[in-house]
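Here is a short walk through one structure.

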Amino acid sequence: MTEARPRPRRTVGDSLEEFERDLISNLYYQRGTTIESASGPDGYHTLAVTVRDRLVDRYARTAAAHYAANPRFVYYLSAEYLLGRQLRQNLLYTDTERWVRPIAEDLGVSPEALEVYDVEPGLGNGGLGRLAACLMDSMATLDIPAVGYGIRYEFGIFKQTFRDGKQVERPDDWTFYGNPWEFPAPDDRQLVGFYGTTVADPKDPENLRRKWTPGETVRGEPSHMLVPGYGTQTVNIIRLWQARASRESFDLARFGVGQYVEAVDDIVRAENISKVLYPDDSTEPGRELRLKQQYFLVACSLRDIIRRYRLRNSGWEGFADKVVIQLNDTHPVMAVTELMRLLVDEHGLGWDEAWGITRRTFNYTCHTLLPEALETWPVQLLERLLPRHMEIVYAINHFFLEEVRQAYPGDEDVVRRMSIIQEGDERRVRMAHLAVVGSTAVNGVAELHTKLLAGTTLHDFAQLWPERFHNVTNGVTPRRFLRMANPALSELITEMLGDEGWLTDLERLHGLGPHADDPAFRAAWRDVKRHNKAGLAAAVERSTGVLIDPDALCDVMIKRFHEYKRQQLKLLHVITMMNRIRADPQATYVPRTVLFGGKAAPGYHAMKLLIELVNAVAGVVNTDPVVSRYLRVVFPADYNVTKAQFIIPAADLSEQISLAGKEASGTGNMKLALNGALTIGTLDGANIEIRDRVGADNFFLFGMDTPAATALRRSGYSPRSFYEADFELRLAVDTIASGTFAKGDRDVFAPVVDAMLGRDEYMALADYRSYVDCQDTVAEAWTDPDRWTRMSILNTARCGFFSSDRTVREYCEQIWKVDPVRVGEA
Ligand code: OX2
């Protein structure tokens with residue numbers, strides 16, 4: 001028996017008094033200031049570390065429990081995480097929320113004033129990054145041993161501002177005031193190589209093992225964010241890597257002779273790797289940097305995974321029993337070749353044995369069907385940046401194509417289609433193919449998406465290996481998107497259901513269904529929505545100066561700007577409403593507020609112009625004395641997780657209007673339905689599953705389904721014929737063309753009109769009539785508040801399926817085969 005080591009004195013207590021005492025002592029000893037002289041950031045940081053301390057103890061117990069159990073771990077590799085603000089979440093998860101207000105009052109500060117310093121880490125673009133955060137939350141909540149790996153971008157997703165209605169991007173310096181939620185772990189740093197040369201291993205006649213000598217070496221320094229589970233003691237981590245120059249990089253000799261810039265060249269080059277989320281890939285250096293980021297993430301994470309494996313295990317036979325790696329889309333797929341390189345070149349395993357381990361270790365989630373979103377990398381670039389990995393890709397492809405030829409003798413067409421290398425003027429590596437070949441399980445993110453993946457994009461693979469394909473429909477965490485975002489509704493739900501158990505068992509929301517016909521409950525439901533809308537109206541007025549009526553129908557379209565999502569279709573509807581009011585000002589109309597939120601990629605000119613048009617339309621609508629009586633258009637800048645939490649609870653109508661077959665799943669659709677917004681949507685992504693659950697009567701369906709859209713395109717789609725056949729559509733398009741939204745200048749928005757009438761890639765014009773008519777039935781339904789409220793209640797009641805807890809359970813059962821590890825109380 002070894003003697004028990006001394007344990008740290010328990011510094012955190014579980015009473016209001018102890019919390020307050022810790023807070024004051026942290027302010028004094030950690031921050032080095034006093035209550036009298038503390039600034040806002042001082043107060044925020046002190047509160048943050050005081051809450052954080054309460055998670056550290058749980059984290060230590062989690063690590064100990066994991067060490068003792070030596071379980072199979074899930075390692076989630078993702079280039080993006082959109083975590084959202086941390087303070088309120090961690091107050092909730094440590095059950096200290098209830099103390100903050102009394103203590104703040106005691107100390108004479110406002111908690112809301114401190115929260116403005118709680119900057120959200122914007123380490124992602126949209127749905128894919130937010131899904132990663134929801135899954136991490138649910139894994140911790142379900143006690144699944146898991147680590148998320150990502151990149152600690154110095155600058156996250158840009159901040160969107162509007163100048164003359166145009167999107168202007170500003171850098172997101174999210175760590176400017178420091179980030180109290182992360183712990184640096186410099187001892188776990190890793191070295192990563194790039195460029196260089198490879199040579200044969202004389203002892204390997206097959207030439208499958210080679211030696212790589214990199215030409216550049218960069219350090220990866222990790223820090224981790226704590227990911228607490230709700231209602232449990234488990235605290236997992238997300239480990240984020242930051243690039244640093246290796247020690248020798250500073251050129252003292254050059255500095256000595258006054259070449260100050262050149263002296264730090266290597267440092268700058270190395271540290272650029274984790275400088276920004278998604279570097280502009282319209283240029284050659286931009287693309288190279290992006291690929292460098294991907295390999296940097298993969299190389300650091302795999303070394304760390306192996307380090308962790310070796311804490312309790314030895315030998316490689318058991319590796320895939322203890323390690324399961326989930327590849328979040330194609331960004332981390334170089335991990336397949338990197339694990340092969342580590343096993344074959346560095347640890348001396350034979351190719352076949354290494355391949356067996358690698359294939360058992362990896363699984364791949366695909367999030368798209370859009371061909372342009374399926375990454376491919378030029379062979380030339382890979383040969384230069386990662387010469388050894390390119391050789392490994394060739395070898396993997398060689399053995400894989402042998403298998404294909406065996407399965408389809410004489411069919412060179414299928415070989416060409418399935419090859420990891422895409423032939424052509426510029427040969428490229430198809431990352432999705434590499435991912436499927438190197439994985440045990442491949443999954444899509446909604447039923448339709450998985451069906452289309454297996455039927456079209458990855459059809460040949462699904463034919464060859466049907467057992468690899470799975471569907472795991474996305475989900476969202478009810479903690480952040482219901483409990484934290486919508487405290488009023490949460491309270492009402494808890495009151496109806498008797499306790500807060502629904503927060504971890506969301507199907508219990510079904511219990512609300514029978515109350516949908518209870519007038520008192522409906523009234524209470526409506527009051528909550530009204531309250532949320534009044535809060536949003538006040539915030540919108542503060543940020544945009546536009547007054548909106550909390551009693552108007554709140555119609556929201558919040559998501560990235562992309563042609564396939566069809567903000568242009570929504571805008572045609574807005575213009576149509578405007579034209580109708582102008583044509584007949586005496587008629588009565590259902591008052592509506594249309595709220596847009598979302599960013600366009602900085603290089604996506606068509607969508608940036610559409611953003612400008614949305615703002616221009618808002619300007620015309622909101623200042624027209626007649627139109628603005630019934631219609632307002634608002635577009636708060638810089639949509640992010642924080643704003644989503646504010647907008648979603650106030651929404652009455654959720655716009656999910658992508659062209660069928662294009663949106664893999666969507667997750668905003670789930671968040672909105674869960675908060676009682678009714679969906680107007682196409683049969684796309686998870687909309688289909690939402691409609692199946694809430695019932696066709698409680699969902700506004702319009703538009704072509706995927707087969708109809710495919711058929712129309714095949715028959716030679718002509719947007720102009722739709723334009724010519726529909727008076728209101730023609731008027732809406734002509735209103736844009738006339739310069740109405742550009743002070744009479746017809747040129748400004750001409751490209752929008754040309755895109756609509758020329759190609760209309762996503763067939764917005766074909767769905768226009770069905771959409772506008774459907775919006776009329778929405779307006780009609782709104783005039784019957786009892787009916788509307790009933791539908792709203794049933795949406796919430798029937799969306800329990802869309803909890804990311806269910807998603808994680810499905811991953812565990814179908815793909816990960818991991819078991820929970822319970823962490824004991826202190
Ligand atoms: C998004 C998809 O567009 C969206 O439909 C889905 O809900 C989300 O991922 C989470 O699965 N980048 N972002 C996505 O796909 C890619 C690629």
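Leaving aside residues up to four places away in sequence, Thr450 touches Gly444, Val445, His470 and Asn471, where contact means heavy atoms within 4.5 Å. The model is predicted: local features need pLDDT of at least 70, side-chain atom pairs count only at pLDDT 80 or more, and totals for chains, interfaces and linings use all residues. Residues are numbered from 1 along each chain as its sequence is written, and side-chain values use heavy atoms, with hydrogens and water left out.

The side chains of Thr450 and Asn471 are joined by a polar contact of 2.6 Å (a pair of N or O atoms within 3.5 Å; within protein, one must be able to donate a hydrogen and the other to accept it, and residues adjacent in sequence count only if both atoms are side-chain atoms). Thr450 counts as buried because its relative accessibility is 11%; buried means under 20% relative accessible area, with a 1.4 Å probe and protein chains only. Thr450 belongs to helix α18, residues 447-457. Helices are DSSP runs of H or I with at least four residues, numbered from the N terminus.

Helix α10 covers residues 284-312. Its 29 residues should span 42 Å at 1.5 Å a residue, and its end C-alpha atoms are 44 Å apart, which agrees. The expected span is 1.5 Å times one less than the number of residues. Of the 29 residues in α10, 21 are buried.

Helix α15 (residues 387-407) reaches 31 Å from its first C-alpha to its last, close to the expected 30 Å. Its buried residues include Pro387, Phe400 and Val404.

Technical notes:
Helices (H or I, at least four residues) and strands (E, at least two) are DSSP runs, numbered from the N terminus. Buried means under 20% relative accessible area, exposed over 50%, partly exposed in between (1.4 Å probe, protein chains only).
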